[in-house]
Amino acid sequence: SHLSAGDRQALVKLIAAAHAIDDVFLKQYWSGNPALYARLQHDTTPLGKARLHYFLLNKGPWSALDENRAFLPGVPQRKLLGANFYPEDMKKEEFEAWVKTLSPSGKEHAQGFFSVIHREGSTLAAVPYSKEYASELGKLAKLLEDAASLTENPTLKKFLTSRAHAFLSNDYYESDLAWMDLDAPLDITIGPYETYNDEIFGYKASFEAYINLRDDEETGKMKFFGNHMQEIENSLPIDAQYKNPKIGALSPIRVVNQVIASGDGAHGVRTAAYNLPNDERVTVQKGTKRVMLRNVQQAKFNSTLVPISKRVLPAAAQADLNFDAFFTHILAHEMTHGIGPHQITVAGRKTTPRQELKELYSAIEEAKADVCGLFMLQYMYDHKLLPSAERKLYTSFLASSFRTLRFGLHEAHGKGMAVQFNYLMDKGAFVANADGTFAVDFSKVKDGVRDLAHDLLTIEATGDYAGAGRMLDSLGHLRPVMTAALSKLTDIPTDIDPVNVTADKLSPAK
């Protein structure tokens, strides 16, 4: 109701674009998806309808909440590690050997976000997304251009126009810069971004869309945090040589309410916040933008975290469970993705933590953002920048760790949470009670958080692939005490399955 007439018309086109993103992502996730989707649509039995619904929720035949195991017959038993970004028979060593034969630009293209790898005769070849998905991206470009012609907002017009061009040129740099400058009531994220589905190298970006309405009141509150990011960077528990002297000044924060998400943005566990872009060239120049999906977070809190807390927290601690603390920590998580090491030097080479840690990067980075988020808020309490809310922060985080671990250890956030939970248990910061509940030891949690932040940041700063592997091997699993606790939560929903009321009314899926 707050949108201008032009933005209302643009919104219809953007919802249609979000639906079109699903077509691209289904191809990216598995080569067999399009044919399987067509078959499922023709099965109108109750079982067929249930299968189609769960297929669309997972964007494939593997359940994200069951360690990506198949829930349909006649498909691979688990999601392929390389999704559909690489030949199904390609070995990791084959790719690495092939890359060594390439020119610097060829290597960059092969390892870059926006190419798929095909087998051509006896060798491999990198094909740009603009060619691989030409039909779908042509349709998407037209929808974005139409929306750009309808909105009166100059920053939205610029982003949509430049992103439409990027779909056709395969060069996303300028449109990423335009997205960083986007300042509009319609807050749009659309394109290839996250690399979680490439479990071989973590190189390839999946297409996703978030069509959101900006919450101006909440966004205004968040600007306060952005003003202190350099101060937090300067205070990180890491050697001074690894700190960035120029971080955060241009890092915007948006609090929004989601109208619809699609593609990788509506795949399995629903995203509550995101921090983009991932292109380090843009990160160095403009920082990153944090987008907080407030209505999604509120739904997750009410539907999953409140009932979980009644079983895992002692009765005396349940009063400390707090949505504002939960929301603020997710904000801090997203903000601290943007601090710490991003451009590093290893053995004289200029590189990045993502390139050095490869398939281990996502779990390490998610853990780093969680624990640095706690460190950041504790710093603000200690320096009187925020009213102290330690009990609510750590208690809500402890309860939320069970919510995250239920997503499974195959997923980066779950694996990263197992590392944190076990580390903090070992430090005595989290305590298991005899009755099966868990509590925070407030005399030890600050030191535990600081020490874990130091260890994770140092792994990233030094590009320590072996160290990351040791940490994940030793801590990234469920110990018996956690397995027992999780077994008591099986009747509680693991995540939400949103109904897109507004989107379905304005522009229903075909």
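## Close-up views of the chain

**View 1. Lys384 sits in the loop between H16 and helix H17 (390–405).** This is a predicted model, in which local features need pLDDT of at least 70 and side-chain atom pairs count only at pLDDT 80 or more, while totals for chains, interfaces and linings use all residues. Residues are numbered from 1 along each chain as its sequence is written, and side-chain values use heavy atoms, with hydrogens and water left out. Helices (H or I, at least four residues) and strands (E, at least two) are DSSP runs, numbered from the N terminus. Although Lys384 is not a glycine, its phi is positive, at about 60°. Is Lys384 buried or exposed? Lys384 counts as exposed, at 72% relative accessibility. Here buried means under 20% relative accessible area, exposed means over 50%, and partly exposed lies in between (1.4 Å probe, protein chains only).

**View 2. Glu67 has a positive phi too, near 55°, and is a residue other than glycine.** Look for Glu67 in the loop between strand S1 (62–63) and strand S2 (69–70). With a relative accessible area of 38%, Glu67 is partly exposed.

**View 3. A cis peptide bond runs from Leu276 to Pro277.** Its omega is near 0°. Pro277 belongs to the loop between strand S8 (273–276) and helix H12 (280–286).

**View 4. Asp187 is a buried residue in strand S5 (residues 186–192).** How much relative accessible area does Asp187 have? The value is 0%. Not counting residues up to four places away in sequence, Asp187 touches Leu182, Tyr210, Ile211, Asn212, Arg254, Val256 and Val291. Touching, or contact, means heavy atoms within 4.5 Å.

**View 5. Ser507 lies in the segment after helix H22 (501–506).** Ser507 is buried, with a relative accessible area of 8%. Which residues does Ser507 touch, not counting those up to four places away in sequence? They are Val12, Ile15, Ala16 and His19. Lys92 makes a handy landmark: from C-alpha to C-alpha, Ser507 and Lys92 are 42 Å apart in space, and they are 415 residues apart in sequence.

**View 6. The largest nonpolar core has 78 residues.** A nonpolar core is a set of buried Ala, Val, Leu, Ile, Met, Phe, Trp, Tyr and Cys residues joined through side-chain atoms within 4.5 Å. In soluble globular proteins, nonpolar side chains tend to be buried together. The residues with the most contacts inside this core are Phe225, Ile364, Met376, Leu398, Phe402, Val449 and Met471. Helix H16 (residues 361–382) gives the most to this core, with 13 residues. Zoom in on Leu398: leaving aside neighbours within four places in sequence, Leu398 is in contact with Leu313, Phe421, Phe430, Phe438, Ala439 and Val440. A second, separate core holds 72 residues, among them Leu144, Ala166, Val256 and Val291.

**View 7. Stepping back, the chain has 22 helices and 13 strands.** Its radius of gyration is 22 Å, close to the 24 Å that the globule rule gives for 510 residues, so the chain is as compact as a globular protein of that length. That radius is taken over C-alpha atoms, and the rule is 2.2 Å times the number of residues to the power 0.38. Along its principal axes, the C-alpha trace spans about 60 × 55 × 50 Å. How many of the 510 residues count as buried? The share is 58%.
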